[in-house]
Amino acid sequence: ASVSDVLPLLQTAEALLNAKQPAQALVALDQALEAHGEDWRLWHLKSAAHRALGDLTSAVATAEEGIARYGPQPHLVD
């Protein structure tokens, strides 16, 4: 998969988060991760979606998984 393939998925997830629809963003991100799990930005957005839902345990676990896979990317560490 190329970087250009993942950009629309990132934009969709960000738009859903900005629209205060974190549950829908999680669905979109889970689908995106099936095809593009190699992109750390998806892990960051998934963590943010969990945080927006008030699920801090899942938010931290998701960020930690992303860090374990890709190292300390700036947004994952936040």
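Is Arg-41 buried, partly exposed or exposed, and what is its relative accessible area? In this predicted model, Arg-41 is partly exposed, with a relative accessible area of 27%. Its salt-bridge partner is Asp-39, and the closest N and O atoms of the two are 2.7 Å apart. Asp-39 is buried, at a relative accessible area of 10%.

**Salt bridges**

The model has three salt bridges.

| Lys-46 (16%) | Asp-30 (36%) | 2.8 Å |

Side chains of opposite charge can pair when their charged atoms come close.

**Lys-46 and Asp-30**

Lys-46 belongs to helix α3, which covers residues 40–52. The side chains of Lys-46 and Asp-30 form a salt bridge with an N to O distance of 2.8 Å. Lys-46 lies in helix α3 and Asp-30 in helix α2, so this pair ties together parts that are 16 residues apart in sequence. The side chains of the two residues are also joined by a polar contact of 2.8 Å.

Lys-46 is buried, because its relative accessible area of 16% lies under 20%. Asp-30, by contrast, is partly exposed at 36%. Leaving out residues up to four places away in sequence, Lys-46 touches Leu-26, Leu-29, Asp-30, Leu-33 and Thr-62.

**Helix α2**

Helix α2 runs over residues 22–36 and has 15 residues. From its first C-alpha to its last, α2 reaches 19 Å, close to the 21 Å expected at 1.5 Å a residue. The buried residues of α2 are Pro-22, Ala-25, Leu-26, Ala-28, Leu-29, Ala-32, Leu-33 and His-36. Among them, Leu-26, Leu-29 and Leu-33 are buried and are also touched by Lys-46. An α-helix has 3.6 residues a turn, so residues three or four places apart point the same way.

**Arg-69 and Glu-65**

How far apart are Arg-69 and Glu-65 in helix α4? They are four residues apart in this helix (residues 56–70), and are therefore separated by about one helical turn.

Technical notes:
Residues are numbered from 1 along each chain as its sequence is written. This is a predicted model: local features need pLDDT of at least 70, side-chain atom pairs count only at pLDDT 80 or more; totals for chains, interfaces and linings use all residues. Side-chain values use heavy atoms; hydrogens and water are left out. Helices (H or I, at least four residues) and strands (E, at least two) are DSSP runs, numbered from the N terminus. The expected span of a helix is 1.5 Å times one less than its number of residues. Buried means under 20% relative accessible area, exposed over 50%, partly exposed in between (1.4 Å probe, protein chains only). A polar contact is a pair of N or O atoms within 3.5 Å; within protein, one must be able to donate a hydrogen and the other to accept it, and residues adjacent in sequence count only if both atoms are side-chain atoms. Contact means heavy atoms within 4.5 Å. A salt bridge is a side-chain nitrogen of Lys or Arg within 4 Å of a carboxyl oxygen of Asp or Glu.
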